Amino acid sequence: MSTHTAPQSKAAKASVPDGFNTEEVKSLSSVLNALLADVFSLYLKTKNFHWHMSGTHFRDYHLLLDEQASRIFAISDDIAERVRKIGGTTIRSIGHIARLQRVTDNDQEFVPARDMLLELHSDNRALVESLRAAHEVASKANDFATTSLIEVWIDEAERRAWFLFESTR
């Protein structure tokens, strides 16, 4: 008896797990993929600033940004896997991220430490707003798992923004 199975048909691949209809999968995937692009962009910007930090508070800021970057990166897999769990497809390349990201890059050769913190504060606040918008889409689709995850991510982004804000005062 052969253990080789036939490739899945297109109809089998198109079936949607978790009971979401095609439009819900499309809207949820779209909003989550945009979040994923923002998370990768914010992660890289945070690491960039971590690597290029200098000044009187170097050690504290360097460690703060390293910890924040790790926390940001940690949610990337959860976002992508959530897209797959609901039946969508997710980001496949750096180019795809570049097309979807709303967090702007900073390629400047030198950025003063305070400016780094202020920019990351603003980016984290913008991520909070994007997360809230995604929460609305997930709520409308009765996607309780996604709304629950997003609520945690909002809290984490607000915490990062708070730490950055307090570090600039």
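Reader: What covers the buried residues of helix 3?

Author: In this predicted model, the cover over the buried residues of helix 3 includes helix 2, helix 5 and helix 6. The residues of helix 3 that are buried are Tyr61, Leu64, Leu65, Gln68, Ala69, Ile72, Ile75, Ser76, Ile79, Ala80, Arg82 and Val83. One of them, Leu65, is in contact with Thr46, Phe49, His50, Met53, Leu117, Leu120 and Leu164, once its neighbours within four places in sequence are left aside.

Reader: How do you know that the span of helix 6 agrees with what should be found at 1.5 Å a residue?

Author: Helix 6 has 24 residues, which should span 34 Å at 1.5 Å a residue, and its end C-alpha atoms are 35 Å apart, so the two values agree. Helix 3, with 28 residues, reaches 41 Å from its first C-alpha to its last, which is close to the expected 40 Å.

Reader: Which residues of helix 6 are buried, and against which helices do they pack?

Author: The buried residues of helix 6 are Thr146, Thr147, Ile150, Trp153, Ile154, Glu156, Ala157, Arg160, Ala161 and Leu164, and they pack against helix 2, helix 3 and helix 5.

Reader: Why is Leu131 called buried?

Author: The relative accessible area of Leu131 is 2%, and the word buried applies under 20%, so Leu131 is buried. Leu131 lies in helix 5 and, not counting residues up to four places away in sequence, touches Leu35, Ile150, Trp153, Ile154 and Ala157. From Leu131 to Ile150 there are 19 residues in sequence, while their C-alpha atoms are 6.4 Å apart in space.

Reader: What makes up the largest nonpolar core, and which residues have the most contacts inside it?

Author: The largest nonpolar core has 33 residues, and those with the most contacts inside it are Leu35, Leu65, Ile79 and Leu131. Two or more residues of this core come from each of helix 2 (22-51), helix 3 (58-85), helix 5 (113-140) and helix 6 (144-167). Another core, of six residues, lies apart from it and has Phe20, Val25, Ala138 and Ala141 among its members. As a general point, nonpolar side chains tend to be buried together in soluble globular proteins.

Reader: Why is Asn142 placed among the partly exposed residues, and what is its phi?

Author: Asn142 has 48% relative accessibility, and exposed would require over 50%, so Asn142 counts as partly exposed. Asn142 is found in the loop between helix 5 and helix 6, and its phi is near 55°, a positive value in a residue other than glycine. Most residues other than glycine have a negative phi.

Reader: What lines the largest pocket, and which helix gives the largest share of the lining?

Author: The lining of the largest pocket has 13 residues, of which Phe40, Ser41, Leu44, Lys45 and Asp105 lie nearest the centre of the pocket. Helix 2 gives the largest share, six residues, and helix 2 and helix 4 (94-100) each supply at least two. By class the lining has six nonpolar, four polar and three charged residues, and the space in this pocket is about 220 Å³.

How values were computed. Residues are numbered from 1 along each chain as its sequence is written. This is a predicted model: local features need pLDDT of at least 70, side-chain atom pairs count only at pLDDT 80 or more; totals for chains, interfaces and linings use all residues. Side-chain values use heavy atoms; hydrogens and water are left out. A nonpolar core is a set of buried Ala, Val, Leu, Ile, Met, Phe, Trp, Tyr and Cys residues joined through side-chain atoms within 4.5 Å. Buried means under 20% relative accessible area, exposed over 50%, partly exposed in between (1.4 Å probe, protein chains only). Helices (H or I, at least four residues) and strands (E, at least two) are DSSP runs, numbered from the N terminus. Contact means heavy atoms within 4.5 Å. On a 1 Å grid over the protein atoms alone, a cavity is a set of points where a 1.4 Å probe fits but cannot get out, and a pocket is an open set with protein on both sides within 12 Å along at least five of seven lines; lining residues have an atom within 4 Å of a point. Grid points are joined across faces, edges and corners, and a volume is the space filled by probe spheres set on the points. Ala, Val, Leu, Ile, Met, Phe, Trp, Tyr, Cys and Pro count as nonpolar, Asp, Glu, Lys and Arg as charged, and the others, Gly among them, as polar. The expected span of a helix is 1.5 Å times one less than its number of residues.
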